[in-house]
Amino acid sequence: MNDIVTIPTGKLMTDQLLQRKQMVIDVLHTGKTTVLKTEIREKLAKMYKTTPDVIFVFGFRTHFGGGKTTGFGMIYDSLDYAKKNEPKQRLARHSLHSQPDLSEAPFEKAVAVAAPLPLLPLLPLLPLLDPGV
Amino acid sequence: MAAPGVLESDVPSAVTLLKNLQEQVVAVTAQVQALTKKVRAGAYPTEKGLSFLEVKDQLLLMYLMDLSHLILDKASGGSLQGHAAVLRLVEIRTVLEKLRPLDQKLKYQIDKLVKTAVTGSLSENDPLHFKPHPSNMISKLSSEDEEEDETEYGQSESSGKKSTGVSKKYVPPRLVPVHYDETEAEREKKRLERAKRRALSSSVIRELKEQYSDAPEEIRDARHPHVTRQSQEDQHRINYEESMMVRLSVSKREKGRRKRANVMSSQLHSLTHFSDISALTGGTAHLDEDQNPVKKRKKIPKKGRKKKGFRRRR
């Protein structure tokens with residue numbers, strides 16, 4: 001974790017309406033791969049003396065050549081405000097919100113339930129059915 | 001009292017003048033009597049007319065009456081010193097003088113009305129037809145901005161609600177029409193000027209300048225003098241992303257453009273390909289195989305341009 005420098009840049013702004021601090025984060029990590037978001041959250045928590053669970057970071061892009069990554073971060077006043085104001089997909093990344101799985105339509109589900117048993121796995125047992133062997 | 005000699009010579013001229021006066025008086029009385037008869041019969045109704053003109057009429061009549069009163073008095077030998085009519089005359093005169101600028105301002109309208117009354121209708125190319133519309137000169141944008149601000153404020157109040165409460169009919173902005181008459185020749189001239197400017201700042205010309213100028217040689221950070229459009233767009237994109245705290249997606253076309261711009265600037269292309277200075281030398285533009293030819297404006301017929309099916313994204 002040494003020589004990873006996280007710098008919240010000049011776009012630091014306290015958003016009173018949404019009860020959070022938002023900023024642009026510059027991460028310098030020469031010689032290493034892109035830093036994990038969890039590590040960045042811990043670093044920010046140490047810098048701002050909060051717990052990592054009210055910190056949400058996103059949008060990290062590494063510049064060409066490596067060594068520097070830029071992204072955005074938001075630090076909420078409390079977890080309740082975070083649940084209220086943060087978009088759902090970012091809460092889902094921290095498993096604070098679960099999206100309902102809408103990939104299967106209800107009709108397809110019903111059909112799958114009523115479908116016959118899968119027979120392919122039973123194929124090797126076919127010779128046992130032969131009477132008189 | 002004049003000398004009797006002067007009086008003697010004046011007598012015949014005075015007699016002729018008096019005779020003329022008599023004749024003229026008879027003519028004038030006849031005309032005035034005819035007019036009064038007509039007015040009494042109501043041939044000249046003035047209720048729906050310009051009240052300004054009516055006031056002027058009355059004032060002029062009063063002026064005439066007072067003047068005739070004065071002349072009567074003077075003719076019967078009285079003195080004009082401190083005569084009441086003089087004061088009245090002075091008053092009416094001042095009022096008439098004050099009315100004169102108004103009269104000038106109304107002159108155009110009165111002329112037009114009289115012409116309409118006389119001819120019955122106005123001709124097509126009547127220069128009196130064109131009226132200035134100063135309200136067209138006022139920019140309508142300031143009022144539009146105010147309206148926009150108000151709607152935005154309303155939006156922030158009721159967060160999440162749609163702002164299409166009042167559906168306003170779209171009125172296109174009324175701009176002052178400006179005549180467009182850029183001919184093909186002017187377009188050519190503009191293009192040539194642009195090419196000349198570009199040629200002047202090319203590396204060839206710059207090196208020539210450096211060679212012949214007495215100024216000391218400057219060695220600077222090698223930023224390309226022609227900051228490309230792509231780099232400006234990139235900068236704009238970065239600024240937007242940082243201020244809005246979002247990441248924008250890059251379309252395929254955009255990616256292609258970026259790659260091309262990078263390739264162009266990082267190759268050894270610039271070592272051997274010099275920019276086109278034909279605008280200064282006067283020859284025709286010569287191009288390498290990988291450069292785009294100058295765009296020629298084609299007249300695309302609007303009709304029959306229906307593209308069915310898949311439309312390529314420009």
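Mentor: Start with B:Arg229: this residue is exposed, at 66% relative accessible area. Keep in mind that the model is predicted.

Trainee: Which residue does B:Arg229 meet in a salt bridge?
Mentor: B:Glu233. The N to O distance is 3.6 Å.

Trainee: Where do B:Glu233 and B:Arg229 lie?
Mentor: Both are in helix H7 of chain B, residues 229–244. They sit four residues apart, about one turn of the helix. B:Glu233 is partly exposed, with 31% relative accessibility.

Trainee: What forms a salt bridge with B:Asp234?
Mentor: B:Arg258 does, with the closest N and O atoms 3.2 Å apart. B:Arg258 belongs to helix H8 (residues 252–266) of chain B and B:Asp234 to helix H7, so this pair ties together parts 24 residues apart in sequence.

Trainee: Are those two buried or partly exposed?
Mentor: Partly exposed. B:Arg258 has 26% relative accessibility, and B:Asp234 has 22%.

Trainee: Which residues of chain B are linked in a network of salt bridges?
Mentor: B:Arg93, B:Glu97 and B:Arg100. Over all chains, the search finds 14 salt bridges.

Trainee: Zooming out, how many helices and strands does chain B have?
Mentor: Ten helices and zero strands.

Trainee: And how much of chain B is buried?
Mentor: Buried residues are 8% of its 314 residues. Chain B exposes about 29,600 Å², and carbon and sulfur atoms supply 58% of that.

Trainee: Switching to chain A. Why is strand S5 largely enclosed?
Mentor: Strand S5 covers residues 68–76, and eight of its nine residues are buried, so the rest of the structure largely encloses it.

Trainee: Which way does strand S3 run against S5(A)?
Mentor: Antiparallel. Nine bridges join S3 (residues 20–28) of chain A to S5(A). A:Val24 stands opposite A:Phe72 there.

Trainee: How many bridges pair S4 with S5(A)?
Mentor: Six, also in the antiparallel sense. S4 of chain A spans residues 55–62. A:Thr62 has A:Thr69 in S5(A) as its bridge partner.

Trainee: What about the hairpin between them?
Mentor: Five residues lie between the strands S4(A) and S5(A). In that hairpin, A:Gly65 takes a positive phi near 100°.

Trainee: Which residue does A:Lys68 form a salt bridge with?
Mentor: A:Asp26, with the closest N and O atoms 3.9 Å apart. A:Lys68 is in strand S5 of chain A and A:Asp26 in strand S3 of chain A, so the pair ties together parts 42 residues apart in sequence.

Trainee: Is A:Asp26 buried or exposed?
Mentor: Buried, at 13% relative accessible area. A:Lys68 is partly exposed, at 31%.

Notes
Residues numbered from 1 in each chain as written. Chains lettered and ligands numbered in written order. Predicted model: local features only at pLDDT ≥ 70, side-chain atom pairs only at ≥ 80, totals over all residues. Heavy atoms only, no water. Helix = DSSP H or I, 4+ residues; strand = E, 2+ residues; numbered from the N terminus. Buried < 20%, exposed > 50% of the residue type's maximum accessible area, 1.4 Å probe, protein only. Areas by Shrake-Rupley, 256 points an atom, 1.4 Å probe, with all protein chains shown as cover. Pairing = 2+ DSSP bridges. Salt bridge = Lys/Arg side-chain N within 4 Å of Asp/Glu carboxyl O.
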